[in-house]
Amino acid sequence: MMRYALHRLLWAIPTLLLVIVLAFLMVHAAPGGPFDDERAPHPDVLATVEASYHLDEPLPQQLGRYLYGLIQGDLGPSFRYPNYSVSELIGHGFPASLKLGALAMLLAVLVGVSAGTFAALRQGSLTDRAVMSFAMTGISIPVFVVAPVLVLLLAVKLHWLPAGWSGSAGAAKYVLPVITLALPQIAYIARLTRASMIDVLGRDFIRTARAQGLGTRSIIRVHALKPAMLPVLSYMGPAIAAILTGSVVVEQVFGIPGLGASFVQGALNRDYTLVLGIVIFYATLIIALNLIVDVLYGVIDPRVRQQ
Amino acid sequence: MSLLEVNNLRICYGDTAVVDDVSFVVRRSESVGLVGESGCGKSQTALALLGLLPRDASVSGSIRFDGAEIANTSQRQLDEIRATRISIVFQDPMQALNPYLRIGQQLRQILLQHNLARGTDADEKVIAMLARVGLPDPKQQFHAYPHQLSGGMRQRAMIASALIARPDLLIADEPTTALDVTVQAQILELLEELRDDTALLLITHDLGIVAGRCERLLVFEAGKLVESGPTGAMFAAPASDSMKRLLKFAPRIDRGAILPPAEGKTVLSVEGASVSYRDASHRELRAVLDVTLSLRQAETLAIVGESGSGKTSLVRALLGLIPMHAGRVVYAGQLLEGAVQTRAAAQRRDLQLVFQDPVSALNPQMRVQSIVSEPLRVHAGEQTAQVRLARVVAILKKVGLNESFLHRFPHQLSGGQAQRVAIARSLILEPKILICDEAVAALDGSARDQVLELLRAVQRESGLSIIFISHDLAVVRSISHRVAVLYLGRLLEVADTALLFSEPRHPYTRALLDASPVPDPLVPTHAAPIKGEVPSLLSPPSGCVFHPRCKFADGVCSDKRPLLREIAGVRVACHHAEVLLKHP
């Protein structure tokens, strides 16, 4: 298992490198530059500024310079906020995003797994179909539609919850963004759980457990939940990625000063280093979390562990 | 009073009844055998007794257990009876035990659920039970996962789980069908030893298993109970046609005609064949080591051995389906080498293979006609469709299937019919050698008998040579001219069939024969002839690979690998073969 983890860790390096190079090229391929404003600066001024950031060098050289900095842990200075380094900006925005993402993930797993198990136990019933239709709806409607509708309904019309981030204190401000972010994941996890739970409940060892008089609750808790969670666990990697990208939209809609918001601003401003920094940060995060998921897989399935 | 009383039991799926009008009783501490061919409704009946049938099954009639009606009762009431009053051992312990939970946890849960023990007391009870079923080092096995145990040990753990709550009735549904024959003997012995005054309902397709063990028998056919009575009387004077048929088609290792040795010239010889695999951690695993065998024209050579003996690896390697790491194969004076794709068409045509499970060996989306004619399309492309069709019809007729089968799909065939289609496909190119890998293992009585008769008939007519791989010595006795015994990839004995069954030379061959159940209550059942199970190929024993399980083993056996040598017309690899021959 340790060898496997190490192996995966080594593979993460080329993956990450590929992400960096692609992101670097794409950012630079986008039209415009970090210092193009409505009021165009004097060409000489522009040239001086660009030279000071090495933007006048050929692209491969810039990439080399960037990678060299990266090896030393330096994500570079922000082009638009000269007083801050990219690392500082990430450190500033990440806590809010982390809290949001983690809460959404927790909610998605708790509600999704419960709803899926509930539906699986009543396969074919009205409850089952209701849960699954809800899940289908949840998957079909994109975040940028769900968010405004929820705000309109629960905040603007009913005044139950604050509509935005600023000005409102306490836990209430988390409710809408977390639900918005979690909703499609709840739906997806519920479907996954239902399918795998139905599969597991049909296995011979569940029949053995029934023959031992264990009763539905013990069977689910002791025998079925662990194996039924394997597909859900496999989905955690993509789910984390989906929550991260989803948070970019959600942070915009609710005005949350998180990493997603910085990313959108950075992209609009052609703040090359900021965008790249966030991409690299997220990519590392996703790779690391996927690795943890794989290791957890071995914890649940003893046969994987042995290999 | 009867412990279990079943009256007019009927189990339906939709409009189809799989069990109909079945009535029987099981008395306290009695052992009752429930026998019948696959699909006769015996397992359905067992599941019904515990309320374990799938939801779409409807049950009518009465099941009274200890005076109380339990057919169609509530889950809660059933849960109180399950494990504590009635328990069950299923066929395949790999499937029936939860692979994600430690053995100890699975057993412990039963005690907790029924409030029989808690905390460390429960753990101790579980460990004591594991010790009773003969798990070595039960404290350690408490923490083992099912996949870490061998097949026999898993079934022992399953039995422990069935007996830990001291039930009044134990149902064993084909408890040894997934196990090797030497392990089967141990498990049956264990069941008998441990059950005390627990009544036993033993379900099996094998009359040999119930013959010496059950006091009474119930015979099922097509969902109906066709005969019941004391075991001895039913074997001596079967009343129903079903029981007569079961008896007629039950192969026996102790009687029946044996083929004389084949006299033809040698067509195939395997010299010093070795096959290795690497497991997930790249450790080398020697599946076959230094095996030398030959096959004569019109001869059936049986290769027998338990799981892991290398019998399948050996034939796959000689066919070129997997690489052979050492040794050579000579067929018709020519070397057979390399992967099957690289071999000459004639060589490929002359050696054909028949698999164990005919249903999965036939493409479900092709009709019988295309399945059987496919080899013709590959090997004899110029023929017209009409010629091909005529040949398909002819070969199907030979295997006993008429033209109405041409347009059927595999799922529309019975097991026996599907296997005959598979054999027709292998025979249509008129091969010189047919390799049957457990070709009748999935078939019941009459279907098995028909396939065996078919093979004998084809051999008589065309001089076909057959390599017949099987774990079942009784079947081997009836079909083969010569028998090779493999163990852990090593050849232990090669002998003419008559000699092998009358004077087995190798202690392992003797054990296999002693462990094979005989469908006759008058033949005393042997105590399990050997202990333990086949060791792992990853760490084969030193010297003679059989020595850890051999009661004749001494220092030489663990030090020196015995070579195959000829003693009185039999090739045997045992240091003590001469002595054993004189003192049987």
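The dialogue below treats the interface and then one residue.

Guide: This is a predicted model, in which local features need pLDDT of at least 70, side-chain atom pairs count only at pLDDT 80 or more, and totals for chains, interfaces and linings use all residues. Residues are numbered from 1 along each chain as its sequence is written, chains are lettered from A in the order in which they are written, and side-chain values use heavy atoms, without hydrogens and water.

Visitor: What is the area buried between chain A and chain B?

Guide: The size of an interface is often given as the accessible area lost when the parts come together. Buried area is that loss, found with a 1.4 Å probe and summed over both parts. Here the area is about 2,500 Å², and carbon and sulfur atoms give 54% of it.

Visitor: How many residues of each chain are in contact?

Guide: Contact means heavy atoms within 4.5 Å. By this rule, 27 residues of chain A are in contact with 31 residues of chain B.

Visitor: How many salt bridges are there between chain A and chain B?

Guide: A salt bridge requires a side-chain nitrogen of Lys or Arg within 4 Å of a carboxyl oxygen of Asp or Glu. The count between chain A and chain B is 0.

Visitor: Is E30(B) buried or exposed?

Guide: Buried means under 20% relative accessible area and exposed over 50%, with a 1.4 Å probe and protein chains only. E30(B) counts as buried because its relative accessibility is 5%. Beyond its neighbours within four places in sequence, E30(B) has contacts that include R195(B) and R216(B).

Notes: Buried area is the accessible area (1.4 Å probe) that two parts lose on being put together, summed over both.
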